[in-house]
Each structure stands twice: as structure tokens, then as C-alpha cells.
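My notes follow in the order I made them.

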Amino acid sequence: MADNRQAQSPDDGSWETDTPWQEPSQHQHPQTPEDHPRFDQLQGSYPGQRTTPPTYLVWAILVTLFCFFPTGIVAIVFSSQVSAKTNAGDIVGAAEASRKSRLWIIVSLAVGVLAWIIFMAVS
């Protein structure tokens, strides 16, 4: 047996518009993308939200001194770019530089630990 009922659209007025948790005067229409604030306007507007990405500069310096010098320098360069890009208003670029800095810190740490393990095994 075929179901002869047709789907009703909410625009025909047949659906209940008022809900128990919402007053009739509080109905809101969907916002257009132009009504939403840009990402850089939202910075610091939520509790606990970081206004700048972490720089990891201290970690970059430590892995440069104690682990592996060449990749540690790359980590320092990306760490210093985070503050410069944040001050220029490029939050997305600062976040990318922060991510790359963290990546190079991890690479430096891994190479340094591996080098120490090989050094200890050989001697």
C-alpha cells in the first residue's frame, strides 16, 4: 500500500511555530554570512580563548642548544615569526608558523635523542 500523505513544508503554516522553551517574540531568522563577525574580530571574546598562538621560543632555544643545532635554528626562525605575524594582524599565518615551529622542535628533539642513543651504543 502506498502512503498518500505528502510531506508538508514549514512555510505552509501547518507546523507549530511556538515552542514551550521559546517565546513567540524571540524567533530569530537565520543569519547570513555577512552578519557573522570575522575571525580576527572574535579574538579574546570567549573565556579562556588565546588571543595569539603559542610561540614555543623557549623550547626552540633549548632544543637548539641541547639536541640538534640545524633543525633547532629552523624552529627558532618559525617561533620568531609567530609574534611578528600576530602583530601584523595575520592570525592564520601566526598559527601556521606556530605549528611549523612545534614540528621542528619535535624533529630536533627526536634527532638529538637518537644521536645520544647511537653515541652511547657506540662508546
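I began with Tyr56, which is partly exposed at 24% relative accessibility. For the cut-offs, buried means under 20% relative accessible area, exposed means over 50%, and partly exposed is in between, with a 1.4 Å probe and protein chains only. I found Tyr56 in the loop between helix H1 (39-42) and H2. Tyr56 is not a glycine, yet I read a positive phi of about 60° for it. I noted beside this that most residues other than glycine have a negative phi.

Before going on I wrote down the ground rules. The model is predicted, so local features need pLDDT of at least 70 and side-chain atom pairs count only at pLDDT 80 or more, while totals for chains, interfaces and linings use all residues. Residues are numbered from 1 along each chain as its sequence is written, and side-chain values use heavy atoms, with hydrogens and water left out.

Next I looked at the whole protein. I noted four helices and zero strands, in the pattern α-α-α-α along the sequence. Helices here are DSSP runs (H or I, at least four residues), as strands are (E, at least two), numbered from the N terminus. Of the 123 residues, 17% are buried. I then looked up contacts, which means heavy atoms within 4.5 Å. Among contacts with a separation of 6 or more, 55% are between residues 24 or more positions apart.

I turned to H2 and H4. The axes of helix H2 (residues 57-66) and helix H4 (residues 91-122) come within 9 Å and cross at roughly 25°. The axes are lines fitted to C-alpha atoms, for helices over the stretch in contact, and angles run from 0 to 180 degrees between N-to-C directions. H2 and H4 are therefore roughly parallel to each other. The cut-offs are under 35 degrees for roughly parallel, over 145 for roughly antiparallel, 65 to 115 for roughly perpendicular, and oblique for the rest. From H2, Trp59, Ala60, Val63 and Phe66 meet Ile105, Ser108, Leu109 and Trp116 of H4. By class, the residues of this contact are seven nonpolar, one polar and no charged. Ala, Val, Leu, Ile, Met, Phe, Trp, Tyr, Cys and Pro count as nonpolar, Asp, Glu, Lys and Arg as charged, and the others, Gly among them, as polar.

Then I compared H3 with H4. Their axes come within 8 Å and cross at roughly 160°, and H3 and H4 are therefore roughly antiparallel. The contact of H3 with H4 has 10 nonpolar, nine polar and two charged residues.

Is Thr71 buried or exposed? I found it buried, with a relative accessible area of 12%. Leaving aside residues up to four places away in sequence, Thr71 touches Trp104, Val107 and Ser108.

Last, I checked for salt bridges (a side-chain nitrogen of Lys or Arg within 4 Å of a carboxyl oxygen of Asp or Glu). The structure holds one. Glu96 pairs with Arg99, and the closest N and O atoms are 2.6 Å apart. Both residues lie in helix H4, three residues apart, about one turn of the helix. Glu96 is partly exposed at 33% relative accessible area, and Arg99 is partly exposed at 38%.
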